Number of protein chains: 2
Amino acid sequence: MSTILRINTREKTHSFEEAGGDLASLGGRALTSKLLLNEVPPTCHPLGKGNKLIVAPGLLSGTAAANSGRLSVGAKSPLTGGIKESNSGGLVSQKLAKLGIKAVVLEDKPEDAGLSLIVIKNDSVEILPADEYVGLGNNEVIKRLWEKYGKRVGVMSIGPAGEQRLTAACINFADPNGRPGRAAGRGGLGAVMGSKGVKAIVVDDSGSGKVSVADPEAFKTANKRWVEMLRGHPVTGQGLPTYGTAVLINIINEAGALPTKNFRSGRFEYAQDISGERIAELIEKRGGKAKEGCHPGCVIQCSNVYNDKDGKYLTSGFEYESIWALGANTTIKDLDDVAILDHLCDDIGLDTIETGVTLGVAMEAGLIAWGDAKAAIDLVKKVATGEPMGKIIGNGAAFTGQALGVDRIPVVKRQALPAYDPRSVKGVGVTYCTSPMGADHTAGYAVAPNILKVGGDVDPLKKEGNVEISKNLQIATAAIDSAGLCLFVAFAVLDAEDGVQTIVDLLNAQYGLSLTPDDVVSLGISVLKDEYEFNARAGFTKIHDRLPDFFKEPFPPHNTTWDLTDEELQQAKDFA
Amino acid sequence: MSTILRINTREKTHSFEEAGGDLASLGGRALTSKLLLNEVPPTCHPLGKGNKLIVAPGLLSGTAAANSGRLSVGAKSPLTGGIKESNSGGLVSQKLAKLGIKAVVLEDKPEDAGLSLIVIKNDSVEILPADEYVGLGNNEVIKRLWEKYGKRVGVMSIGPAGEQRLTAACINFADPNGRPGRAAGRGGLGAVMGSKGVKAIVVDDSGSGKVSVADPEAFKTANKRWVEMLRGHPVTGQGLPTYGTAVLINIINEAGALPTKNFRSGRFEYAQDISGERIAELIEKRGGKAKEGCHPGCVIQCSNVYNDKDGKYLTSGFEYESIWALGANTTIKDLDDVAILDHLCDDIGLDTIETGVTLGVAMEAGLIAWGDAKAAIDLVKKVATGEPMGKIIGNGAAFTGQALGVDRIPVVKRQALPAYDPRSVKGVGVTYCTSPMGADHTAGYAVAPNILKVGGDVDPLKKEGNVEISKNLQIATAAIDSAGLCLFVAFAVLDAEDGVQTIVDLLNAQYGLSLTPDDVVSLGISVLKDEYEFNARAGFTKIHDRLPDFFKEPFPPHNTTWDLTDEELQQAKDFA
C-alpha cells in the first residue's frame with residue numbers, strides 16, 4: 001500500500017504516484033492531515049479549486065486486525081473553515097488498502113455543474129458521467145451501484161445535501177448490507193465532494209491481492225490478543241454489542257449530562273423511551289438486527305437495523321449521537337420519529353449531529369415548536385427538495401441561527417456540539433474547545449474517564465484534571481484514527497496494561513518495524529501539530545477555542561457552569 | 001455635551017451618566033470604538049445581551065460648522081464579527097448634540113419579542129411599546145413618527161430586515177425631508193438594533209439650548225474659511241453638487257475599475273445609462289431634486305431626489321455605491337430598476353452595497369439570471385415578507401454564497417466589497433483588507449489619490465505607494481469620523497494647505513483647546529488602535545486581512561491582479 005491516486009475533477013483524468021518520503025509511513029488521519037498541510041492553501045475557499053478531498057485507509061486497514069476498517073476523509077472544512085478529518089466505517093477502507101492505494105485525492109474543480117461517478121478497480125480507474133444518479137438519495141444510489149457493480153463493492157456517495165454543497169452535508173458509506181447508515185459525518189465534507197462534482201466513488205477490489213504483512217505469525221499472535229482484549233472488556237464485549245451505542249442514553253441522562261432542549265438541561269424526561277434498552281426491546285419485538293459491524297472484521301458489533309412497527313426496515317446505524325441530537329435535544333420523544341429523521345439524514349446525506357442541533361436552533365427561534373416531530377421531518381425533507389428553508393437547515397446550526405436571528409447556538413468553530421453537555425462532562429468540553437476539528441466528541445472522548453470510569457476516574461463536574469485527560473485522549477485518538485481502528489477500541493485499550501502495546505505489535509508485524517508505545521504517542525502529537533498549524537495559517541487563534549457565552553449559565557441538575565479559562569484550555573494543546 | 005444616556009432594553013429603564021475621564025474628549029467614532037473596547041466582550045454573540053449599540057454625534061456636531069452633522073453608530077458587527085462604526089447623515093446627530101448627549105448606549109436585551117420606540121426629548125426619555133410600527137418599512141415609520149412627534153424630529157429606525165435581525169440590515173435615518181435615504185449602512189447594525197428590540201429612536205431637541213462654543217469669534221472665522229474651502233474645491237464645490245456621488249460611475253468606469261458582473265471586469269457596457277450625468281438629465285426632465293444635503297448645514301449637497309418617468313417620487317439619496325452595487329455589479333442597466341431596488345433597500349432597511357453584491361452572488365449561483373431586474377426586485381421583496389429566501393438574501397453576500405454553494409464571493413471579513421475593484425484601485429484594496437471594519441471604501445478612500453488625483457497621485461494599478469496612502473487615509477478618516485464631519489470634506493482638506501489646520505481651528509474654538517494637526521493624527525491612530533485591539537480579542541489575525549483568492553485572476557481591461565503580500569498589507573497597520 002504505497003500509492004496515491006490523484007484525480008483531477010476538472011480534466012477528468014487520474015494519475016498514480018508513489019507515496020515516498022515522509023508520507024510512506026503515514027495512513028488514515030495522519031496522511032490526510034499531512035497532505036492537506038502540504039498541498040492545500042489554508043486560506044482557500046473550501047468549495048474552490050484549491051481545496052482537496054482526501055480519502056485514506058488507516059495503517060492497519062485491509063489486514064485481519066479486528067476493527068481496523070475505518071477510513072479517514074480529509075479536506076478544509078466548509079463548516080469550520082479549518083482542517084477536517086472525519087472517519088467512517090463501511091467497505092471502502094479495506095478495499096482501497098487491498099488495491100494498494102494509500103490515498104485517493106480529488107483535486108481542482110469542474111467548470112460545469114455535471115456530476116461524475118468514479119469507479120476504482122484493480123486494473124482501472126474510470127471517471128464516468130453520473131447523470132442517472134443526480135438528485136438521488138444515498139439509499140437508492142447504493143442500491144443501483146450494487147446492482148451495477150456487484151454486491152459488496154465499496155461505495156461512498158453524497159445525497160442531495162452534498163450535491164447542493166451545503167455545509168452540514170456528510171459523505172455516506174455503504175455498510176456491509178448496502179445501507180448508507182455509515183458516514184464521514186462532520187464538517188461538511190459532503191459539500192466538498194459536491195464541489196468536486198463527484199456523486200459517488202465505487203471501489204471494487206476483485207482480483208487484488210492481500211495486504212502484505214511482514215511477519216504473519218507475529219501478526220496473528222497480536223491479533224489474537226487484540227480480539228481477546230476487545231471481547232473481554234465490559235463496554236466493547238457486552239454494553240455496545242447488546243444495546244448499541246444508544247446504551248449511553250440512560251447512562252448520560254443519569255449522569256445529568258444529556259443535553260436537552262438545546263442544551264438547557266442534562267435530563268430528558270423521556271430518555272427511557274429513546275434508550276438503547278428500548279431499541280433492543282423493539283428489535284426483539286419487531287425484527288431488525290441488534291448486533292452488526294460497520295465493516296467486516298468488527299468484533300464489537302455496535303451497529304443495528306431498526307424496523308418500524310410493521311416490521312419494515314426503517315433505519316440502520318441508529319446511534320447514540322443521532323438519537324440524542326434528533327431526540328432529546330429537540331425534545332422529540334417518539335423513537336420511531338427519531339428513526340425517520342435518522343433515515344432522512346442518511347438518505348439526504350446530512351450529518352445527524354449537526355442536523356439535530358440545527359433543529360434545536362430552529363425550535364429556539366420559534367420556526368417550529370419544541371418536540372414537533374412532524375414539523376421537524378418536514379423541515380429536513382426541504383433539504384432534499386432544495387427549497388430555500390432547506391438550504392438554511394442544510395447549512396447547519398450556526399448558519400440557521402444567523403438566518404433566524406437567534407444567539408443561543410451551541411457550536412465551537414461553527415460546528416455543532418455533540419451529545420454531552422460540556423458543563424457536566426468537562427473533559428469532553430475541553431475537547432470541544434481545543435480540537436482542531438471544532439466541537440467533536442470523538443476527537444478526545446473524555447466521557448470514558450469522566451462518566452464511564454474507563455481509563456481513569458476524573459470528576460466530570462469540576463475542571464481539575466480534565467485538561468490533562470482531554471489532551472491525552474486527543475493524542476491517542478489521532479493515532480487510532482491514523483491506524484484505521486474504530487475509536488471504540490479505546491475502551492479496551494485504556495483498561496488493559498498491554499493495550500497500546502498490542503496495537504504497536506500489530507503495526508510492527510505488518511510493516512516490519514520496531515515501534516514502541518512512545519512512537520504511537522509521537523505520531524498522535526505530530527498529527528495534532530499538523531492540524532494546529534493548518535488552522536493557525538487559516539486564521540484560527542485561541543479565541544476560537546471557546547464555548548459560546550451561554551455555557552456560563554448554570555446547567556441543571558448539577559447547576560454546573562463552564563469555568564475553564566482560555567489559558568487553562570490552551571494547556572491541552574501544549575506539547576512543548 | 002458631556003452626558004451618556006444608557007438605556008437598558010430588558011428593563012426598559014434609562015440613566016444618565018457623566019462622560020468623564022478619557023471619554024470627555026472623545027466623540028463620534030472615537031467614542032463608539034472606545035466604549036465598545038471598554039464595555040463589550042469581544043467574543044460575545046453580536047445579537048446577545050453582551051453587545052451594545054452605541055450612537056454618538058461627532059465632536060463638531062450641533063455647531064454651525066459646515067458638514068458636521070454626521071453620526072457614528074457602533075457595535076460588535078453581526079456581519080463581520082468585529083468592531084463596527086458605521087456613520088450616517090440625517091437629523092439625529094445635531095439634535096443629540098444640542099441635547100447635551102454625547103452618546104446613547106442601548107444595553108442588554110429584551111426577554112420577549114416585542115419592539116420599543118425610544119423618544120428622547122429635552123426633558124424626558126420614554127421607552128414605549130412600538131406595536132403599531134411592527135413590520136413597517138422605514139418610509140412609513142418615519143412618516144408616522146413625523147406626524148406624531150412633529151416634522152423634522154430626528155428619527156433612526158429599522159425596517160423588516162433589522163426586525164428579523166438579518167446581518168445585511170442597516171439603520172435608516174430620516175433626511176431633512178423625512179425620507180429614509182440615509183443609513184448607517186454597513187455591518188448589520190440594524191440587526192443589533194433589532195436584537196435590542198428597538199424599532200425606532202425619535203430625537204426632539206425642542207427647548208434645548210445651543211451647543212456651547214468656547215470662542216465664538218474664532219469659531220466663526222474658522223468656519224468661514226471652512227465653507228470657502230469646501231465650496232472652492234472642484235469635487236466638493238462642483239462635481240458632487242452637480243451630479244451627486246454618481247458622478248463617479250463614468251469616472252471609475254473610464255478608469256477600468258467599475259466592478260461589473262460580480263467583479264469580472266472593470267468596464268460596464270451600460271455605464272453611461274446609470275451615470276450621474278444621466279441622473280441629472282432625468283431629474284431635469286422628470287422633476288426631483290439634483291442637490292440636497294443629508295443634514296442641515298451641508299454645503300456640498302451631493303444627495304438628490306429621483307422620480308420615475310411619471311414624475312412621481314421613486315427614491316432619494318440615490319448614490320454611486322448603491323447604483324453600482326445594484327446596477328453594474330448585477331448588470332442591471334435600467335436606472336429606474338436600480339432606483340426601485342434602492343428604494344426597496346431603504347424601505348426594508350438593507351445595506352445597498354451588501355444587497356447589490358448579494359444579488360451578484362445569487363446570479364453567480366444561477367438563482368436568477370444576470371441583469372434580470374424583475375427577478376432581483378422580487379428577491380429583495382422576499383426580505384420584507386420574511387420568507388426563507390429573504391432570510392438568505394438579507395444576511396448578505398457571504399451568507400448567500402454559502403447557502404447557494406458558490407465560492408466567488410467578494411468579501412473581506414464577510415463584508416461585501418464596495419464599488420472599486422481592488423486590482424485596479426490598489427490603494428482602496430489595501431483599505432478593504434486592513435480596515436478593522438471589513439471591506440469598506442469609506443475607511444480610507446484611496447480612490448482620491450489613485451483615480452481623482454486629489455491629495456496625491458499614486459498609480460492605482462501598481463502596488464507601490466498604495467500601502468502608505470491607505471494607511472494615512474485610514475488615520476485621517478478615523479479622525480474625521482470622530483469629528484462628525486462628512487467624509488467628502490477630505491477632498492478639499494487634502495488639497496488645501498490649511499485643510500487640517502482649519503478643522504483643528506474649529507475644534508479648538510469649540511472646546512477651548514490648543515490642539516495641533518499632529519493631535520488629530522494621534523486621535524486617528526488611537527481610534528484605529530482601539531479597533532485593532534477589539535478585533536484581536538475577537539480572534540482576528542492578519543489572515544483575515546485578505547481578499548478572496550479569485551482576486552488573483554487578471555481583471556480586464558488592465559488585466560491587473562491583486563499582488564500585495566500579507567506582510568506588505570500589515571504595514572498599513574503598523575504605527576510603531
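Q: What is the expected span of a helix?
A: This model is predicted.

Q: How many Å does helix α21 of chain B reach from its first C-alpha to its last?
A: Helix α21(B) runs over residues 517-537 and has 21 residues. At 1.5 Å a residue, 30 Å is expected. The reach is close to that, at 31 Å.

Q: Which elements are included in what covers the buried residues of α21(B)?
A: The buried residues of this helix include B:Val520, B:Leu523, B:Val527, B:Leu528 and B:Phe534. Charged side chains are also among them, with B:Asp530 and B:Glu531. The cover, all from chain B, includes α1 (28-39), β5 (83-88), α18 (466-483) and α20 (499-511).

Q: Which residue takes a positive phi just after α21(B)?
A: Helix α21(B) covers residues 517-537. Just after the helix, a phi of about 105 degrees is found at B:Gly539.

Q: Is strand β2 of chain B buried or in the open?
A: Strand β2(B) has six residues, 13-18. The number of them that are buried is zero. The strand therefore lies largely in the open.

Q: Which residue takes a positive phi in the hairpin of β1(B) and β2(B)?
A: Strand β1(B), residues 3-8, runs antiparallel to β2(B), and six bridges join the two. B:Asn8 stands opposite B:Thr13. Four residues lie between the strands. In this hairpin, a positive phi near 55 degrees belongs to B:Lys12.

Q: What share of the residues in chain A is buried?
A: Chain A has 22 helices and 17 strands. Its C-alpha trace spans about 55 × 55 × 50 Å along the principal axes. Of its 576 residues, the buried share is 65%.

Q: Which helix gives the largest share of the side of domain 1 of chain A that touches domain 2 of chain A?
A: Domain 1 (3-203) and domain 2 (242-419) of chain A have C-alpha centres 25 Å apart. In their contact, 38 residues of domain 1 of chain A meet 34 residues of domain 2 of chain A. On the domain 1 side, α2 (92-98), α3 (138-149) and α4 (160-163) of chain A each supply at least two residues. The largest share, three residues, comes from α4(A).

Q: How many residues of each class are on the side of domain 1 of chain A that touches domain 2 of chain A?
A: This side has 38 residues. By class, they are 13 nonpolar, 21 polar and four charged.

Q: How are the two copies related?
A: Chain A can be laid on chain B with an RMSD of 0.0 Å. The turn is 180 degrees, with a shift of 0.0 Å along the axis. The copies are thus related as by a two-fold rotation axis.

Q: In chain A, which C-alpha is nearest the axis?
A: The distance from the axis is 2.7 Å. This C-alpha belongs to A:Pro388.

Q: Which helix gives the most to the side of chain A that touches chain B?
A: The contact takes 29 residues from each chain. On the chain A side, α14 (388-393) and α15 (397-404) each supply at least two. By class, that side has 12 nonpolar, 12 polar and five charged residues. With four residues, the most comes from α14(A).

Key. Residues numbered from 1 in each chain as written. Chains lettered and ligands numbered in written order. Predicted model: local features only at pLDDT ≥ 70, side-chain atom pairs only at ≥ 80, totals over all residues. Least-squares fit on C-alpha atoms with pLDDT ≥ 70 in both. Contact = placed C-beta atoms within 7 Å. Expected span 1.5 Å × (residues − 1). Buried ≥ 20, exposed ≤ 12 C-beta atoms within 10 Å, placed from the backbone. Pairing = 2+ DSSP bridges. Domains from an automatic or database assignment.
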